[in-house]
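Here is a short briefing to read alongside the structure. Take a moment with the view below, and then walk through the notes topic by topic.

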Amino acid sequence: MMSTATVRRWYAPVEVFTLRRWLLVSVVVNLLLLSVDLLRGGDTVYVGVLGVVLCGVLLNSLPQEHKPASRNVALVLGGAVMLCGLYRVLATPLSLFDLWMHAWMIVPGALTVLWMSSPPVSAWSTRELSVKAIEFGLARNQLLAPRMQAFGAHLVLLHFVVLTVLPLVWILDIALSPGNALGGTLGGPYTGEHFSKMLGSDAFWTWMRNSLIVSVGTTLMGLAVAIPAGYAFSRYKFTGRDVSMFAFLLVQMFPGIIILVPYFLVMKTLGLLNSHLGLILAYCVTALPLCVWMLKGFFDTVPRELEEAALLDGCSQFQVFTKVVLPLSLPAVAVTALFSFLAAWNEFLLALTFNTSNDMYTLPVGLHSMVSSTGQAWGDFAAASLLVSLPVALLFLFFQKFLIEGLSAGGVKG
Amino acid sequence: MVSVKFTNVSKRYEDGFEAVKGLDLEVNDGEFLVLLGPSGCGKSTTLRMLAGLEEVTDGAISIDDVTVNNLPAGARGLGMVFQSYALYPHMSVRDNLTFGLRMVKGKERLSEAEMEARVKEAASMLELQDHLHKKPKELSGGQRQRVALGRALIRRPKVLLMDEPLSNLDAELRHQMRQEIRRLHDELGTTTIYVTHDQIEAMALADRVAILDRGVLQQHAPPLEAYRAPANEFVQSFLCRHLDDLVETANTLLRPAGDGVQEA
């Protein structure tokens, strides 16, 4: 039989344990914010420190079971935390950032006061509840807890979304603002002059053409090598198999700058400086190891019995590969292709070093030249960089289905 | 007439493990042979050597008096059913069935109409008419296994090979498929070699069983004969004692309640 004492010990209103999590998150966030504030020399940092300490104490003194005293302590501490935040708001001139920072102190404090004085918590902490009341409370918890958790989780995630989107918004703002200042004019007036200038410039289209040739070339050549290589590594045993798999990875472990000079010398000797082919070869070499590993990993998941069935159906080794294995591996191939394309599309260092003549620039190098040698055309730069991301974004949209399938393919057996 | 013949066949893997040791075995035309034994006894390896998926270390395997040791798998005229079905996931049931037919080039290639007729025939035999357009993942386990059977049979193979085809099915389906496989064999008369570790399956299906242990053939006889006159201690314990245990368990369950109380 379930004893009443056990139920009583287990039950706490949803507000109490939700608050416990919130306060924990608040303490962590506030510590981070305070260190930022300290670095930029905020005036009322000491009040902030006090607030965090109070927050910590509050976290530890939240009522565990029905104890009127600890409920009252929590009420007072919550109020104090809120006051710390409010004081800082009133004491310093406000920017958007400050307001947001102080909200992280005011809201948890206010929430504590609100919830600690709410009827369910009051009742629970001030008197012994009847079993009926506890049963009702448990049902209420079941209903409210998921919603509160979801709300909290999304609130935290929203911060990350803002962090991710903010730079993009900023670039968009610069690109749409008249003039070439780095700051942009938040809120307008806006103009499309930078976009039309870029789209009308021959240099931009030359760079775009170079980038496309190099990226598509890298993708095709990379796939042509990576697919058979990945299959061989997955299916055949041969001397030096493990060693070469490892050697592939080894190349990846060096920072690019170390192999830059040897690459340059090789390209110079081969007469491939200022050419598309030189870049394509170099990108292939850098992207291959990962491509081969990715494809090998996928081929490993294709059951051997499928290939044996195809052999018995009269396929040659090569037909087994083209008619059975490859069609099954399309998602993985798509992921690999996208990866090589992106790597080539975004690469800067090698392109800058190898292709020094103006008409051989790829987009990243061209963009760089806009804000370094020929003045500080930030507006044009921002517009161009958005235009550069556009094809990639479209590619992602197009490949999205494949991407998800490809990345999760190893996990689920069909 | 002898259809398949193993002459002193051995298989040694690279790591030195000897899976099959000096196997001599003959399978008659139209016969249903079951290779029976515990896991690791070499029964699957034997089948895979015959299929051409595994190289023969020593000895000769012949089909219709032609040594096939060095013939590629697809040229041996065999059909095979795998434990995991091994259906092509990206093809419909129809394409799975005709895939092997389409791989044939030259004079022996069937016309589209002939292929369609074969598909119809196989589908009606295996009750797959309503599923021809579906992908394998839309089918149940039993249906998948029937497609796998159809794919093996549609090429009219000289020998049908089955590697534990029922182990992935639940008991009810296994029972049902067992009867269906035997019925198909009786209808088509295809020489069949069937690998299993399940004694009941072997007893129910086989014209003759070949019992293997650690790569060595222990006894090769009709199932009832093997049960009545086990050749050695291994067959005695693996086949006879196991079956006796089953019978006893069944009897215990069926015995009227009163008897059980008296004994206890």
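Leaving aside residues up to four places away in sequence, A:L111 touches A:L19 and A:W22. This is a predicted model, so please read every value here as computed from predicted coordinates.

**Around A:L111**

- A:L111 sits in helix α5 of chain A, which covers residues 96–116.
- Is A:L111 buried or exposed, or something in between? It is partly exposed, because 19 other C-beta atoms lie within 10 Å, while a buried residue needs 20 or more.
- A:L23 is 88 residues away from A:L111 in sequence, yet the two C-alpha atoms are 9.8 Å apart in space.

**Chain A as a whole**

- Chain A has 18 helices and zero strands.
- How does the radius of gyration of chain A stand against that of a compact globule? Chain A has 31 Å, whereas a compact globule of 414 residues would have a value near 22 Å.
- Along the principal axes, the C-alpha atoms of chain A fill a box of roughly 85 × 65 × 35 Å.
- Buried residues make up 31% of the 414 residues in chain A.
- Taking contacts in chain A between residues at least 6 apart in sequence, 76% join residues at least 24 apart.

**Chain B as a whole**

- Chain B has nine helices and ten strands.
- Of the 264 residues of chain B, 41% are buried.
- Among contacts in chain B with a separation of 6 or more, residues 24 or more positions apart account for 66%.

**The six-stranded sheet of chain B**

- Follow the order β6-β7-β8-β3-β9-β10 in chain B and you have traced an open sheet of six strands with mixed pairing.
- Why do β6 (78–81) and β10 (216–221) of chain B count as edges? Each has a single partner strand, so one side of each is left without a neighbour in the sheet.
- From one strand to the next, the twist averages 15 degrees.
- Helix α4 of chain B (residues 141–153) packs on this sheet and touches β6 and β7 of chain B. The direction of α4 makes about 170 degrees with that of β6(B).

**Strand β7 of chain B and its partners**

- β6(B) and β7(B) run parallel and are joined by four bridges. One of the pairs puts B:L78 with its bridge partner B:V159 in β7(B).
- On to β8: strand β7 (residues 159–163) and strand β8 (residues 191–196) of chain B run parallel, with five bridges between them. B:M162 has B:Y194 as its bridge partner in β8(B), and B:D163 has B:V195.
- Between β7(B) and β8(B) the chain passes through helix α5 of chain B (residues 171–188), making a right-handed β-α-β crossover.
- Five of the five residues of β7(B) are buried, so the strand is largely enclosed by the rest of the structure.
- In a regular strand, side chains alternate between the two faces of the sheet. Both faces of β7(B) are covered, with B:V159, B:L161 and B:D163 buried on one side and B:L160 and B:M162 buried on the other.

**Antiparallel pairs in chain B**

- Strand β1 (residues 2–12) and strand β4 (residues 58–63) of chain B run antiparallel and share five bridges. Here B:K5 stands opposite B:S62 in β4(B).
- β4(B) also pairs in the antiparallel sense with strand β5 (residues 66–67) of chain B, over two bridges. The bridge partner of B:I63 in β5(B) is B:V66.
- Two residues lie between the strands in the hairpin of β4(B) and β5(B), where B:D64 takes a positive phi near 50 degrees.

**Where the chains meet**

- The contact takes 14 residues from chain A and 17 residues from chain B.
- On the side of chain B that touches chain A, β6 and α2 (93–102) of chain B each supply at least two residues.
- The residues on that side of chain B divide into twelve nonpolar, four polar and one charged.

Notes: Residues numbered from 1 in each chain as written. Chains lettered and ligands numbered in written order. Predicted model: local features only at pLDDT ≥ 70, side-chain atom pairs only at ≥ 80, totals over all residues. Rg over C-alpha atoms; globule rule 2.2 N^0.38 Å. Buried ≥ 20, exposed ≤ 12 C-beta atoms within 10 Å, placed from the backbone. Contact = placed C-beta atoms within 7 Å. Pairing = 2+ DSSP bridges. Axes fitted to C-alpha atoms, helices over the stretch in contact; angles between N-to-C directions. Nonpolar A, V, L, I, M, F, W, Y, C, P; charged D, E, K, R; others polar. Right-handed = clockwise from strand over helix to strand, strands pointing away.
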